[in-house]
Amino acid sequence: MPKTKFEPSIISRPVYGELKPKNGKSHLLIADVEGAQAILDLAKKAPTGFFNQAHIIYIPRHTGETYLAKLQKLNAKQHYVGPSFGAAQQRIQRVLSDAHNGLQIYLAGSEGLIGQAMREAIGLGFPHQAIQTEHRGSKARRMQCVHCKGVTEDVSTDPFECSHCGLSLFVRDHYSRRLAAFQGVCVDAEDPGNVPDKMEIT
Amino acid sequence: MAGAAKISVKVIDVVEVNELVKRFKFERTDGGLMPTFSGGAHTVVEMNDQGTRRLNPYSLMSSPTDRSAYTISVRRDDEGRGGSLYLHNHVKPGMEMTISNPVNLFSLDLRARKHIFFAGGIGITPFLSQIKQLSAANNGHFELHYAVRTASLGSYADELLEHFPNNVDVYHDDKDQQIPLDKLLEGQPLGTHIYVCGPKGMINWILSGARKAGWPEQALHYEEFLAPEPGKAFDVELAVTGKTIHVKEQQSLLEAIEAAGVDAPYLCRGGACGMCETQVIRSEGDFIHNDHWLTDEEHASGEKIMPCVSRFDGKSLVLDR
Ligand code: FES
């Protein structure tokens, strides 16, 4: 059962499952924040030898040291811990472009991490349906302003202000896999200044 | 009218490719341009074979950028029900015929980083248009692995080798050459897609090899047009139109429905597209399912049948048609 519950929504809205070990020649596991726990849970179900062929890329952010020792104990063939997705991005790109079919991909943690890592894989022609995902932790979203095209990370309220152009944006469930972002649309275009109260995204 | 829109064409060329395969070229009778298509598409050719109407799907092998004519290659099937024999023996340049607008159930996934084509025998035809599409747009990294019975039966193998010496490998059955599948599945860049067209055994062998090696299901594409298999004659009641029809040994259920004047939906007539799916209202007997469309559970349920390729053997069958 998925650990995070989302309200059922439009088809565009990504849905997440639960990571399960799949048969493959090698395994790439990318996680941020509480997504580490999804890898630890997967490890309980994994056949012996699974992590001999595994590469873990982990971005702890606010969880700090919480999961580091436990992840380390999995003894993955390669293990990288980085401060941000941006810092890990080049490594992810290189790993994917050197990889061969037969690799299994597992993504866990925030929607921003899952979406951005997935974008790198599907950009190479890897089918998005074949990527396993599990959401953990905060429901904050990566939002693209449809007006100025700027991206605001970790949006946790609806509406919110675009960090680039300052417009008040309504948080839509309309998602773009290509941009790895939800779409934010001006909330007071018809009636400037009439901005509804901010609500926590749930 | 069921099926894709029709095009009236004239046969402008018939060429013997080898002892089993002939190539046919069609132009519009009105002199206009053919509809555009994408590599892997097929057309359904209508034939009036001594009073029997036959509609068979054939992959378009010409370049998708060439709208002046369509070209197909047909392998003669001496044991089959006659569509290919009719084309081989009766269709001559100058003849007028009807073909359908192109339909593509086997298109390239252009997001792929690389395409690997596996062809067996006449299964080469969809790849000919796909390769033309990829080379015209210069957007495709591809490899073709082509298994043929003998060198002389390897339709278009020489041209392919000549034009794409670095992309094409041909394997001859009579010299015991086998596609080195396990080796080919290894070391392919992430984002590679596989396409298979050939006999059923070959399709299953390649797909199961790829699955075992952990390839994503969505990167595996295949096409096999099934010719409707002849079988025991049977009777069917059509509940909507109130007709009772008799399906002859050499006739498909779909053809019998059409012969009774009932306009039933279809597209590929080869068990692949799903268009002809029909609900069973009642049945007493056994279904002979031959399609690639319904799931195993649907086959077992006895609630659905694909009349283009599947048959029935038993006391009574009532269809929602
Ligand atoms: S017409 Fe395509 S499956 Fe029957």
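Strand E4 of chain B gives the most to the lining of the largest pocket, with 4 residues. Strands here are DSSP runs of E with at least two residues, helices are runs of H or I with at least four, and both are numbered from the N terminus. The model is predicted: local features need pLDDT of at least 70, side-chain atom pairs count only at pLDDT 80 or more, and totals for chains, interfaces and linings use all residues. Residues are numbered from 1 along each chain as its sequence is written, chains are lettered from A and ligands numbered from 1 in the order written, and side-chain values use heavy atoms, without hydrogens or water.

Start with the empty space. Rolling a probe the size of a water molecule over the atoms shows where such space is left. On a 1 Å grid over the protein atoms alone, a pocket is an open set of points with protein on both sides within 12 Å along at least five of seven lines; a cavity is a set where a 1.4 Å probe fits but cannot get out; lining residues have an atom within 4 Å of a point. Points are joined across faces, edges and corners, and a volume is the space filled by probe spheres set on them.

The largest pocket has a volume of about 1,500 Å³. Its lining has 50 residues, and B:Arg75, B:Asp77, B:Ile122, B:Gly123 and B:Phe225 are the closest to the centre. Several elements of chain B supply at least two lining residues each, among them strand E5 (70–75), helix H1 (83–90) and helix H2 (125–137). The lining divides into 23 nonpolar, 16 polar and 11 charged residues. Here Ala, Val, Leu, Ile, Met, Phe, Trp, Tyr, Cys and Pro count as nonpolar, Asp, Glu, Lys and Arg as charged, and the others, Gly among them, as polar.

The second largest pocket has a volume of about 350 Å³. Of its 17 lining residues, A:Ser26, A:Lys77, A:Gln78, A:Ala99 and A:Leu103 are the closest to its centre. Strand E1 (26–32), strand E2 (54–59) and helix H3 (85–98) of chain A each give two or more residues to this lining.

The largest cavity holds about 50 Å³. Its lining includes B:Leu55, B:Asn56, B:Arg81 and B:Cys308. E4 and helix H6 (253–259) of chain B each give two or more residues to it.

Now take chain B as a whole. Chain B has 7 helices and 16 strands. Its C-alpha trace spans about 60 × 50 × 35 Å along the principal axes. Of its 321 residues, 53% count as buried, that is, under 20% relative accessible area with a 1.4 Å probe and protein chains only; exposed is over 50%, and partly exposed lies in between.

Two loop residues end the walk. B:Gln188 lies between helix H4 (181–185) and strand E10 (192–197) of chain B. B:Gln188 counts as buried because its relative accessibility is 5%. Leaving aside residues up to four places away in sequence, B:Gln188 touches residues of both chains, including A:His100 and B:Trp215. Contact means heavy atoms within 4.5 Å.

B:Gly94 sits in the loop between H1 and strand E6 (96–100) of chain B. At 44% relative accessibility, B:Gly94 counts as partly exposed. Beyond residues up to four places away in sequence, B:Gly94 touches B:Lys10 and B:Val11.
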